[in-house]
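The entries below follow the order in which I looked things up.

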Amino acid sequence: MFAIVRTGGKQYRVAAGDKIAVEKLAGEAGDVIALSDVLLAGDGGESKDLAGVVVSAEIIAQAKADKVVIFKKKRRHNYRRKLGHRQQHTILRILGVGEAVKAAPKKAAAKTEAPVEAAADAPAAEAAPKKAPAKKAAPKKAAAKPEADSSADNA
């Protein structure tokens, strides 16, 4: 089954297992997104009804395209300008056309389980008395300089 989807102002013909590079989409590598703007869906030579058709894709990477060099010059006027641009794009792997695909468990899920176990130990830690925050010491006053004993000089 294939579909034609629109994203980033461009149209792409996709099928399950395809990899495409599209304009930058929000998300991190490993996230599963749904491309909702489906223009056409079909199987072989027949087109299908678009009601309920969903294209699911996994973000493989957020990357940049090759640099495009912009060089401007006017002859005999000592005018030269050189600019460069790298367009950001997202690389997608199409997981399925027609049905919503749930995200596969990530490595990050294992990381989230460890704090949950630590949170179970947290109530025991909360039962222990906590120290009061240390009080700041008052600023020290400058020691008064001993004045010259004028009475001793006069005596």
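**Entry 1: ground rules.** I noted that this is a predicted model, in which local features need pLDDT of at least 70 and side-chain atom pairs count only at pLDDT 80 or more, while totals for chains, interfaces and linings use all residues. I also noted that residues are numbered from 1 along each chain as its sequence is written, and that side-chain values use heavy atoms, with hydrogens and water left out.

**Entry 2: overall layout.** I looked up the secondary structure and found 2 helices and 10 strands in the protein chain. Here helices (H or I, at least four residues) and strands (E, at least two) are DSSP runs numbered from the N terminus. Along the sequence I read the pattern β-β-β-β-β-β-β-β-β-β-α-α. I then checked burial, where buried means under 20% relative accessible area, exposed means over 50%, and partly exposed lies in between (1.4 Å probe, protein chains only). Of the 155 residues in the protein chain, 17% are buried.

**Entry 3: salt bridges.** How many salt bridges does the structure hold? I found 3. The term stands for a side-chain nitrogen of Lys or Arg within 4 Å of a carboxyl oxygen of Asp or Glu.

I started with D37 and R6, whose closest N and O atoms are 2.9 Å apart in their salt bridge. D37 sits in the loop between β4 (32–35) and β5 (38–43) and R6 in strand β1 (residues 2–7), so this pair ties together parts that are 31 residues apart in sequence. I put D37 down as partly exposed, because its relative accessible area is 30%. R6 also goes down as partly exposed, at 39% relative accessibility.

Next I took E23 and K10, whose side chains meet in a salt bridge at 2.6 Å, N to O. E23 is in strand β3 (residues 19–23) and K10 in strand β2 (residues 10–15), so the pair ties together parts 13 residues apart in sequence. E23 is partly exposed at 24%, and K10 is partly exposed at 38%.

I ended with E58 and R93, which form a salt bridge with their closest N and O atoms 3.1 Å apart. E58 in strand β7 and R93 in strand β10 are 35 residues apart, and the pair links distant parts of the chain. E58 is partly exposed, with a relative accessible area of 23%, and R93 counts as partly exposed at 30%.

**Entry 4: surface patches.** I wrote down the rule first: patches are made of residues with over 30% relative accessible area and no salt bridge, with like charges joined within 9 Å and nonpolar side chains (Val, Leu, Ile, Met, Phe, Trp, Tyr) within 5 Å. Which residues gather in a patch of positive charge on the surface? I listed K64, K67, K82 and R86. For charge, Lys and Arg count as positive and Asp and Glu as negative, while His and the chain ends are not counted. The place of a charge is NZ of Lys, CZ of Arg, CG of Asp or CD of Glu. K67 is in the loop between β7 (55–64) and β8 (68–74), and K67 counts as exposed because its relative accessibility is 56%.

I also found a nonpolar surface patch of V68, I70 and L83, with about 250 Å² of accessible area together. Such areas come from the Shrake-Rupley method with a 1.4 Å probe, and for residues only the protein chains shown count as cover. L83 lies in strand β9 (residues 79–85) and is exposed at 54% relative accessibility.

**Entry 5: the loop between β8 and β9.** I looked at backbone angles here. R76 is in this loop and has a positive phi of about 60 degrees although it is not a glycine. N78 lies in the loop between β8 and β9, and its phi, near 50 degrees, is a positive value in a residue other than glycine. R76 is exposed at 72%, and N78 is exposed at 65%.

**Entry 6: two buried residues.** Is H89 buried or exposed? I have H89 as buried, because its relative accessibility is 17%. H89 lies in strand β10 (residues 88–97), and a polar atom of its side chain is 3.5 Å from the backbone nitrogen of A65.

Y12 lies in strand β2 and is buried at 15%. I noted Y12 and V38 as 26 residues apart in sequence and 9.8 Å apart in space, C-alpha to C-alpha.

Terms used. Polar contact = N/O pair within 3.5 Å; in protein donor to acceptor, adjacent residues only side chain to side chain.
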